[in-house]
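My entries follow in the order in which I looked.

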Amino acid sequence: SAGTVETANTTVGVGLAPASGLTYTYQLPNLDAGIASIPSQSYPMTAGAQNVTVALRNGGITTLTSAVINWSVNGVAQTPVNWTGALTSGNSATVTLGSYTFNTNSVYTIAATVSNPNNSTDGNAFNNTFSKRASTPFNGTYTVGASGAQFSSFNDVASALMSIGVG
């Protein structure tokens, strides 16, 4: 059976509060697996092979014992992870998804989606996916405008520096 959290005279959402004497009831789903973050890649990210991890969170009542985590880098699907364990309600666990080789001077979008908690339907699909942009900073000598150059214009250099940074 699902649990209930009651909140009285508390702000609920932006600028909303229950009227005096009223109670809002929020019912936690039995199963709610979510991806809370991708903590492994932070700026500045080092080029080379690195493990990619996610924080798997149990927002439901029932202990999570299994889930499938699909992940991608720049839209390219990586090998899914079939997670098993015992993750109790309200807690998170760090899950290593695999290794990925990150190149210098590059921006990456890393995304992860969890599904099939305890081989069943997730009661809250809104927290199933998390994505993060990460980059490896520029480091080295670059050519602008010439044949075979890394950048065709100084505007391209400025745009790249704003999104990637310098290491």
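**Terms and ground rules.** I took two strands as paired if DSSP finds at least two bridges between them, and I took the elements themselves as DSSP runs numbered from the N terminus, with helices being H or I of at least four residues and strands being E of at least two. The model is a predicted one, for which local features need pLDDT of at least 70 and side-chain atom pairs count only at pLDDT 80 or more, while totals for chains, interfaces and linings use all residues. Residues are numbered from 1 along each chain as its sequence is written, and side-chain values use heavy atoms, with hydrogens and water left out.

**Confidence.** I looked up pLDDT, the predictor's confidence in each residue on a scale from 0 to 100, and found a chain average of 84, with 84% of the residues scoring at least 70. Over residues 1–14 pLDDT stays under 50, and for this stretch the model has 37 contacts (heavy atoms within 4.5 Å) beyond four places in sequence. Where pLDDT is low, the predicted coordinates should not be read in detail.

**Whole chain.** I noted one helix and ten strands, and reading along the sequence I found the pattern β-β-β-β-β-β-β-β-β-β-α. Of the 167 residues in the chain, 33% are buried, where buried means under 20% relative accessible area, exposed over 50%, and partly exposed in between, with a 1.4 Å probe and protein chains only. Among contacts between residues at least 6 apart in sequence, 64% join residues at least 24 apart.

**The open sheet.** I followed an open sheet of three strands in the order E3-E4-E8, with antiparallel pairing. Its edge strands are E3 (33–37) and E8 (92–102), each of which pairs on one side only. Strand E4 (residues 48–58) and E8 pair in the antiparallel sense over ten bridges, and at one place along E8 I found Ser-92 standing opposite Arg-57.

**Strand E5 and its partners.** I then turned to strand E5 (residues 64–73), where eight of the ten residues are buried. E5 is joined to strand E9 (residues 107–115) by six bridges in antiparallel fashion, and here the bridge partner of Val-68 is Ser-115 in E9. With strand E7 (residues 81–87), E5 pairs over five bridges, again antiparallel, and Ile-69 stands opposite Val-81 in E7. Strand E6 (residues 76–77) pairs with E5 over two bridges, also in the antiparallel sense, and Val-73 faces Val-76 of E6. The hairpin of E5 and E6 has two residues between the strands, and in it Asn-74 takes a positive phi near 50 degrees.

**The core.** Which residues touch the most other members of the largest nonpolar core? I had defined such a core as a set of buried Ala, Val, Leu, Ile, Met, Phe, Trp, Tyr and Cys residues joined through side-chain atoms within 4.5 Å, and among its 25 residues the answer was Ile-69 and Leu-97. The elements giving two or more residues to this core are E3, E4, E5, E7, E8 and E9, and the largest share, five residues, comes from E5. Leaving aside neighbours within four places in sequence, Leu-97 is in contact with residues including Val-52, Val-54, Ile-69, Trp-71 and Val-81.

Is Val-54 buried or exposed? Val-54, which is found in strand E4, is buried, because its relative accessible area is 1%. The C-alpha atoms of Val-54 and Thr-94 lie 5.7 Å apart, although the two residues are 40 apart in sequence. Beyond four places in sequence, the residues that Val-54 touches include Ile-35, Pro-39, Ile-69, Leu-97 and Ala-112.

Pro-39 lies in the loop between E3 and E4 and counts as partly exposed, because its relative accessibility is 41%. I found Pro-39 touching Thr-53, Val-54, Ala-55 and Lys-132, not counting residues up to four places away in sequence. Pro-39 and Lys-132 are 93 residues apart in sequence, yet 9.4 Å apart in space, C-alpha to C-alpha.

Last, I looked up Arg-133, which is found in strand E10 (residues 129–135) and is exposed, because its relative accessible area is 57%.
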